[in-house]
Amino acid sequence: MKLPVRLDPIRNSQKRTSYDGEIDAVRFSRLSEMAPLLAPVSVALKCGIDAQGLAVVDASIKASLTLTCQRCNETFEQEFEVHSQFCPITAKVNVDELPDAYEPVELDENGEVELHTLVEDELMLAVPIVPMHDDADCPQSSKTMVFGEIEPADERPNPFAILNSLKSD
C-alpha cells in the first residue's frame, strides 16, 4: 500500500496493515538544514499487535544524506538504515510499562500520528553528532594530524590570598 500522510496506529495494527513507499526529500525541512537528502526516503511500515496486546508499528527507514566531515570539512554521502518499533500511548498504555524495545509515540486529538514528522525525527536522531569520513577515506586522517604543546598559563596571584591573611589575625 502507498504511504499515508497521517497514520492511525491502533486501527492499522488491528488490521495488520503494511505500507511501503517513498517520501520526497522536500517534506523534511528540519533534516535538510542538518544534512541534505540526496534522494527520496524509503519507508516500510508493518502494523500489528504484540504478545502483550499492544499496538506496534515496525518501521524500516532508508535514506542517503549529505554530511560534512568535521575532520576535513568536505562533504560526503552516508547511507542510513533505521529500524524502530513504535507503540502509541493511550489511556490504556502507560509509558513506564512499555518494553524497552518500543518507542512511545503520542497521538493527536484524532488518534493519529503524522508519519512524515515521525520519519524525520528518527533520521535526525540517526545523524551522528560529529560526522566524519572513515579514517581510510578522509584526506585528513588522524595519523596526519599534528597537535602542538600548550604553554603553561601565567602564574597570577590568588585574589583570595588576602582573605587568608585576615584569617590568621
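Residues are numbered from 1 along each chain as its sequence is written, and side-chain values use heavy atoms, with hydrogens and water left out. In this predicted model, local features need pLDDT of at least 70 and side-chain atom pairs count only at pLDDT 80 or more, while totals for chains, interfaces and linings use all residues.

Strands (DSSP runs of E, at least two residues) and helices (runs of H or I, at least four) are numbered from the N terminus; two strands pair if DSSP finds at least two bridges between them. Strand β3 (residues 41-49) runs antiparallel to β4 (residues 55-68), and eight bridges join them. C47 has V57 of β4 as its bridge partner. Five residues separate β3 and β4 in a hairpin, where G53 in the turn shows a positive phi of about 85 degrees. Strand β4 is also joined to β5 (residues 75-89), by 12 antiparallel bridges, and L65 is partnered by Q78 in β5. This hairpin has six residues between its strands, with N73 in the turn at a positive phi of about 65 degrees.

A nonpolar core is a set of buried Ala, Val, Leu, Ile, Met, Phe, Trp, Tyr and Cys residues joined through side-chain atoms within 4.5 Å; buried means under 20% relative accessible area, with a 1.4 Å probe and protein chains only. The largest such core contains 32 residues, and V41, L45, L65, V119 and L123 have the most contacts inside it. At least two residues each come from β2 (18-23), β3, β4, β5 and α3 (115-126), with β4 giving the largest share, six residues. Another core, of six residues, lies apart from it and includes L54, C87, L98 and Y102.

Terms used
Buried < 20%, exposed > 50% of the residue type's maximum accessible area, 1.4 Å probe, protein only.
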